[in-house]
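Reader: Could you walk me through a few local features of this model, giving the cut-offs as you go?

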Amino acid sequence: MFIDGAWLDARSGRIMETRNPATGAVIATVPRGDRQDIDLAVAAARQAFDGPWSRFKPYERQVLLLRIADLFEKHWEEISRSDTTDMGMPIMRTRANRNRVIGMLRYYAGMATALHGETIENSLPGEVVSFTRKEPVGVVGAIIPWNAPTAASVWKIGPALATGCTIVLKPSEEAPLTPLLIADIMNEAGVPPGVVNIVTGTGAEAGAALAEHMGVDKIVFTGSTATGQSIVRASAGNLKRVSLELGGKSPVIVCADADLDRAVPVVAMSVFANSGQICIAGSRLFVERPIHDEFVERLAAYAKGLRVGDGIDPATEIGPLVSLRQLERVTGFLEAGTAEGATLVTGGARLTEGALAAGNFVAPTVFAGVSDDMKIAREEIFGPVISALPFDTLDEAVERANNTPYGLAAGIFTQNVTKAHQLSRKIRAGSVWVNTYHAIDPAVPFGGYKMSGYGREGGAEHLDEYLSTKGVFIKID
C-alpha cells in the first residue's frame with residue numbers, strides 16, 4: 001500500500017489475491033488493509049494537510065496537476081493494460097479513455113487557480129466589510145468501485161489536489177492494481193508525502209473503517225446504493241460531508257421518428273460497453289410501438305455481431321465480467337427473466353467455448369416481452385442485458401421511465417427538437433443524452449437524482465464538494 005509517501009505491507013501481514021477475469025489466473029497479491037492501516041493513512045493525510053501541503057499556492061497545485069497529467073500521458077499504455085488485465089475492460093476501451101482522464105486532470109489544474117470567495121454588501125451598522133473564503137474541507141476518504149479504476153481514481157484525487165485537500169483512497173478489492181500504479185505516478189510527480197494515500201483491502205474492513213473514521217472530514221463514494229446507505233449511516237459519528245454516485249436503472253426512449261441506423265449501435269453500446277458494468281447503463285429500453293419489433297430485431301443482430309473475448313485482444317468488443325461472483329449474479333438475472341415470462345431474443349447464457357471457458361463471459365443479451373414489474377426491468381443487473389418495452393405515447397414513456405427509485409441517467413432518440421426538449425425536461429435523471437449516450441465532459445456536472453445519490457462530479461460544482469465556505473466580517477471604523 002502507499003501511505004505517507006512509502007510502500008507498506010498491511011500491519012496484519014495479510015494479503016489478498018486479484019485475478020484476471022478473462023482467464024481466472026491469479027495475477028498479483030496486494031495487502032489486505034484494515035482499521036490499523038486506515039488509521040495510519042488518515043494520520044498521514046492529516047499531518048500533510050496541516051503541514052507543508054497547506055502552504056502550496058494555487059499556482060503550485062496547478063503545476064503539480066499538470067505534471068501528473070503529463071505522466072499519465074507518458075504511462076497511458078501501462079495504465080490501459082493494467083485496467084484490462086485486472087478487471088477485463090477491453091483494451092480498445094481503456095486506451096480510448098485517454099483523452100477523458102487526462103482531460104480531467106488538466107481541467108482540475110485549470111480550476112486550481114480559479115477558486116475564490118466573494119465580497120458581499122451587508123446591512124450591519126457602521127463600516128463592516130464582509131466576504132467569503134473557499135477553504136479545503138480537509139482529509140477526504142474516497143471509496144471507488146472496480147468497473148473503471150483509472151477514471152474513478154482521477155475523479156477523486158484530481159479535485160482533492162486542486163482544492164488543497166489530502167486524500168485516502170480505498171480501491172475495490174476486485175481491481176486494486178491500477179490505483180497502486182497511480183500512486184507510483186503521484187510519487188514520480190513529486191506529490192508530497194501523505195497528500196495521496198492508497199489503502200487496499202475489503203469494503204467490510206478497510207472501507208467501513210474509512211467511512212466512519214473520526215479523522216476524515218469528507219467521504220466520496222461511487223458504488224451500489226445499498227453500500228452508499230451504509231456509508232451515510234457510518235458518517236454520522238462526526239457528521240462528515242458525504243457525496244455519493246450510486247446505482248442506476250437508466251431508461252432509453254426511442255421515438256418512432258428516430259434515425260434507426262444511428263440509434264441501434266448507440267443504444268446497444270449504452271449497455272454492452274464494459275460488459276454492462278456501468279452505473280449509467282441504458283438497460284431499460286422503451287421503444288415506440290410502430291418501430292418496436294424492427295428495432296429489437298436490429299438490436300439483436302447487432303448484439304450477435306459483437307466480438308466477445310479476452311480484453312487484451314485489440315479486436316475484442318465485449319470482455320469478461322469482473323469476477324465469478326458477478327457472473328453468478330448476472331446469470332441469476334438471466335434465469336429470472338426467462339422464469340418471469342420475458343422473451344429471450346438473443347444471448348442469455350454464459351459463454352464457455354474454447355478460450356472463453358476459464359473466464360467470466362456472458363453473451364450480450366436482449367429480452368423482449370418485458371413488463372415494468374419484472375425483476376430484469378426493476379433491478380440493476382450490472383451485466384450486458386437489455387430489456388425492451390414498447391410504449392404508445394410520450395406521456396406514458398415519461399411516466400414509466402421515471403417509475404424507478406433511481407435517477408442517474410437517461411437517453412432519448414428522436415429527430416424532433418420539440419420532443420427532445422420536452423422529454424429531457426420531464427425525465428428525472430442527473431444526465432440526459434439526446435441522440436447519443438455516455439457523453440461525459442470534465443466541465444459538465446455528473447451525478448444522480450433520488451437513490452442514485454447526491455453531489456456532483458465534474459464542473460465547478462465538483463470542486464465545491466471539496467470546499468467549505470467561511471464568512472468573514474471585519475469592522476473597520
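Predicted model: local features only at pLDDT ≥ 70, side-chain atom pairs only at ≥ 80, totals over all residues.

Reader: OK, at what angle do the axes of H1 and H8 cross?

Author: The axes of helix H1 (residues 35-50) and helix H8 (residues 203-212) cross at roughly 45° and come within 8 Å. That makes H1 oblique to H8, since angles under 35 degrees count as roughly parallel, over 145 as roughly antiparallel, 65 to 115 as roughly perpendicular and the rest as oblique. Helices here are DSSP runs of H or I with at least four residues, and strands are runs of E with at least two.

Reader: And which residues make the contact?

Author: On H1 they are Arg35, Ile38 and Val42, and on H8 they are Ala206, Ala209, Leu210 and Glu212, where contact means heavy atoms within 4.5 Å.

Reader: Switching topic, how many aromatic pairs does a search of the whole structure find?

Author: The search finds six aromatic pairs, with rings of Phe, Tyr and Trp (its six-membered ring) pairing if their centres lie within 6.5 Å, and planes under 30 degrees apart counting as stacked, over 60 as edge-to-face and the rest as tilted. One of them is the stacked pair of Trp155 and Phe446, at 5.5 Å centre to centre and with 25° between the planes.

Reader: Where do Trp155 and Phe446 lie?

Author: Trp155 lies in helix H6 (residues 149-163) and Phe446 in the loop between strand E19 (431-434) and strand E20 (449-450), so the pair ties together parts that are 291 residues apart in sequence.

Reader: Is Trp155 buried or exposed?

Author: Trp155 is buried, at a relative accessible area of 7%, and Phe446 is buried at 4%; buried means under 20%, exposed over 50% and partly exposed in between (1.4 Å probe, protein chains only).

Reader: Last one, what is the phi of Asn274?

Author: Phi of Asn274 is near 55°, a positive value in a residue other than glycine. Most residues other than glycine have a negative phi. Asn274 sits in the loop between helix H10 (260-272) and strand E13 (284-288). His438, in the loop between E19 and E20, also has a positive phi, about 60°, and counts as partly exposed at 25% relative accessibility.

Conventions:
Residues numbered from 1 in each chain as written. Heavy atoms only, no water. Axes fitted to C-alpha atoms, helices over the stretch in contact; angles between N-to-C directions.
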